[in-house]
Amino acid sequence: YTWSSKYPVGSVFSKLRGRQRIVVVGTGENGLGKWQTVERNILEDYKNIFGKTPPRTPIAMLILSDADETLSHTKADYDNFELHPER
């Protein structure tokens, strides 16, 4: 999941090797420099992106910040990740 100054919310694209996908969950400068709360149903996201149920034992969840695409700088702070079972 990423915040993008280039791509619209909802965009899904490959950036890394293998099956990794990046989903844009925010865009623009509104709220920059402030804490953002993002909630996602990662099970549904996986099904929509790959067209199937995810493996029972995921390999990884990647947390990245970079500015390669915009040739600029980035600064990010992550905190309080919570994973909840389906309700």
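1. The side chains of Glu-44 and Lys-47 form a salt bridge, with an N to O distance of 3.8 Å; a salt bridge here is a side-chain nitrogen of Lys or Arg within 4 Å of a carboxyl oxygen of Asp or Glu. Because Glu-44 and Lys-47 are three residues apart in helix α1, about one helical turn separates them. Glu-44 is partly exposed, with a relative accessible area of 33%, and Lys-47 is likewise partly exposed, at 31%. For these terms, buried means under 20% relative accessible area, exposed over 50%, and partly exposed in between (1.4 Å probe, protein chains only).

2. Residues are numbered from 1 along each chain as its sequence is written. The model is predicted, so that local features need pLDDT of at least 70 and side-chain atom pairs count only at pLDDT 80 or more, whereas totals for chains, interfaces and linings use all residues; side-chain values use heavy atoms, with hydrogens and water left out.

3. The search of the whole structure gives two salt bridges. Arg-40 and Asp-45 also meet through their side chains in a salt bridge, at 3.0 Å from N to O. Arg-40 counts as partly exposed at 38% relative accessibility, whereas Asp-45 counts as buried at 12%.

4. Helices (H or I, at least four residues) and strands (E, at least two) are DSSP runs, numbered from the N terminus. The C-alpha atoms fill a box of roughly 35 × 30 × 20 Å along the principal axes.

5. Following α1 comes Gly-51, with a positive phi near 75 degrees.

6. Three aromatic pairs are found in a search of the whole structure. The ring centres of Tyr-7 and Phe-13 are 4.8 Å apart and their planes stand at 40 degrees, so this pair is tilted. Rings of Phe, Tyr and Trp (its six-membered ring) pair if their centres lie within 6.5 Å; planes under 30 degrees apart count as stacked, over 60 as edge-to-face and the rest as tilted. Tyr-7 is partly exposed, at 27% relative accessibility.

7. Another tilted aromatic pair is formed by Tyr-46 and Phe-50, at 4.6 Å centre to centre with 40 degrees between the planes. Tyr-46 and Phe-50 are separated by about one helical turn because they lie four residues apart in helix α1 (residues 42-50). Tyr-46 counts as buried at 19% relative accessibility, whereas Phe-50 counts as partly exposed at 27%.

8. Is Ser-11 buried or exposed? Ser-11 is buried, with a relative accessible area of 18%, and belongs to the loop between β1 (2-4) and β2 (12-13). A polar atom of its side chain lies 2.8 Å from the backbone oxygen of Pro-8. Apart from neighbours within four places in sequence, Ser-11 is in contact (heavy atoms within 4.5 Å) with Ile-22, Val-23 and Val-24.

9. The C-alpha atoms of Ser-72 and Pro-55 are 36 Å apart in space, the two residues being 17 apart in sequence. Asn-80, in the segment after α1 as well, has a positive phi near 55 degrees although it is not glycine, and is exposed, with a relative accessible area of 62%.

10. Finally, burial and surface. Of the 87 residues, 11% count as buried. The accessible surface of the chain is about 7900 Å², 50% of it belonging to carbon and sulfur atoms; accessible areas come from the Shrake-Rupley method with a 1.4 Å probe, and for residues only the protein chains shown count as cover. Among contacts between residues at least 6 apart in sequence, 37% join residues at least 24 apart.

Terms used
A polar contact is a pair of N or O atoms within 3.5 Å; within protein, one must be able to donate a hydrogen and the other to accept it, and residues adjacent in sequence count only if both atoms are side-chain atoms.
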